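The sequence and the structure are shown first.

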Amino acid sequence: TPTPTATPTPTPNPDGIKLRFAVLSDFQYGRNAQDGSATVSEKVVNALKQVVDKSKDTQGNVRLDAILVPGDITHNSNPAEYQAMINDFNSIPEIKANNVKVMFLRGNHDVQDGKGDNFVKELSKYDSTLTKTNNIYDIKGYKFICVSQDTYKYNDDTPEKYEYVHSPQTIEWFENARSEE
């Protein structure tokens, strides 16, 4: 007989899938639409609707566990830009009604001009459990270590060292988070 384990094993859904999550990034609220294209808000709402709809089972139940938003939520890190994102997420009631966890990370545009504190201040209005920029989430037994960017430096140059975009404190936090089990 197998020995019972102390670590819970994630329970799969009836279709055998253990975890469902979507990744939506680089919204950049505050950036203007160009050439008659859809606004940021229209694009985000459309993407959220598609994610929710595609996650539904044959009975119409939402089967989405989480949404990961890895940075550049805003273009200028202004409170109004965060509020526009909150309004758009709130316009899709299935997200909160089905306890879909939204995991936010701060990107370089979310820290520009010394306004990085707006990330937690404003997003905590959507999710009151968001109290810091770096977080560990447990979604159905799976550990997500979410490390936010600390600097406005562009990461397009493929830096060889994490110090380019992360403070020593963030790197230490990440190393500790990785070693915790």
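## Overall organisation

Of the contacts in the chain with a separation of 6 or more, 70% are between residues 24 or more positions apart, a contact meaning heavy atoms within 4.5 Å. The model is a predicted one, in which local features need pLDDT of at least 70 and side-chain atom pairs count only at pLDDT 80 or more, while totals for chains, interfaces and linings use all residues. Residues are numbered from 1 along each chain as its sequence is written, and side-chain values use heavy atoms, with hydrogens and water left out.

The chain has five helices and five strands, taken as DSSP runs numbered from the N terminus (helices: H or I, at least four residues; strands: E, at least two). Their order from the N terminus is β-α-β-α-α-β-α-β-β-α. Of the 181 residues, 41% are buried; buried means under 20% relative accessible area, exposed over 50% and partly exposed in between, with a 1.4 Å probe and protein chains only.

In soluble globular proteins, nonpolar side chains tend to be buried together. A nonpolar core is here a set of buried Ala, Val, Leu, Ile, Met, Phe, Trp, Tyr and Cys residues joined through side-chain atoms within 4.5 Å. The largest such core has 38 residues, and those with the most contacts inside it are Phe-27, Ile-67, Ile-73, Met-85, Phe-89, Ile-95 and Phe-104. At least two residues each come from helix 1 (40-55), strand 2 (66-70), helix 2, strand 3 (101-105), helix 4 (118-123), strand 4 (135-139) and strand 5 (142-146). Helix 1 gives the most, with six residues. Beyond its neighbours within four places in sequence, Phe-89 contacts Phe-27, Val-44, Leu-48, Val-69, Ile-95, Val-102 and Tyr-126.

The buried residues of helix 1 are Val-40, Val-44, Val-45, Leu-48, Val-51, Val-52 and Ser-55. They lie on the same side of helix 1, because they cover an arc of only 125° around the axis, the arc being that of the directions from the helix axis to the C-beta atoms. Among the elements that cover these buried residues are strand 1 (21-23), strand 2, helix 2 and helix 3 (94-97).

## Charged residues

A salt bridge is a side-chain nitrogen of Lys or Arg within 4 Å of a carboxyl oxygen of Asp or Glu. By this rule there are seven salt bridges, including the following.

| Pair | Closest N to O distance |
|---|---|
| Asp-127 and Lys-101 | 2.7 Å |
| Arg-106 and Asp-150 | 3.3 Å |

Arg-106 lies in the loop between strand 3 and helix 4 and Asp-150 in the loop between strand 5 and helix 5 (168-179), so this pair ties together parts that are 44 residues apart in sequence. Arg-106 is buried, with a relative accessible area of 10%, whereas Asp-150 is partly exposed at 22%. Asp-127 is buried, with a relative accessible area of 13%.

Asp-88, placed in helix 2 (residues 79-90), is buried yet has no salt bridge. The nearest side chain of opposite charge, that of Lys-49, is 9.6 Å away; Lys and Arg count as positive and Asp and Glu as negative, and His and the chain ends are not counted. Not counting residues up to four places away in sequence, Asp-88 touches Tyr-29, Ser-41, Val-45 and Leu-48.
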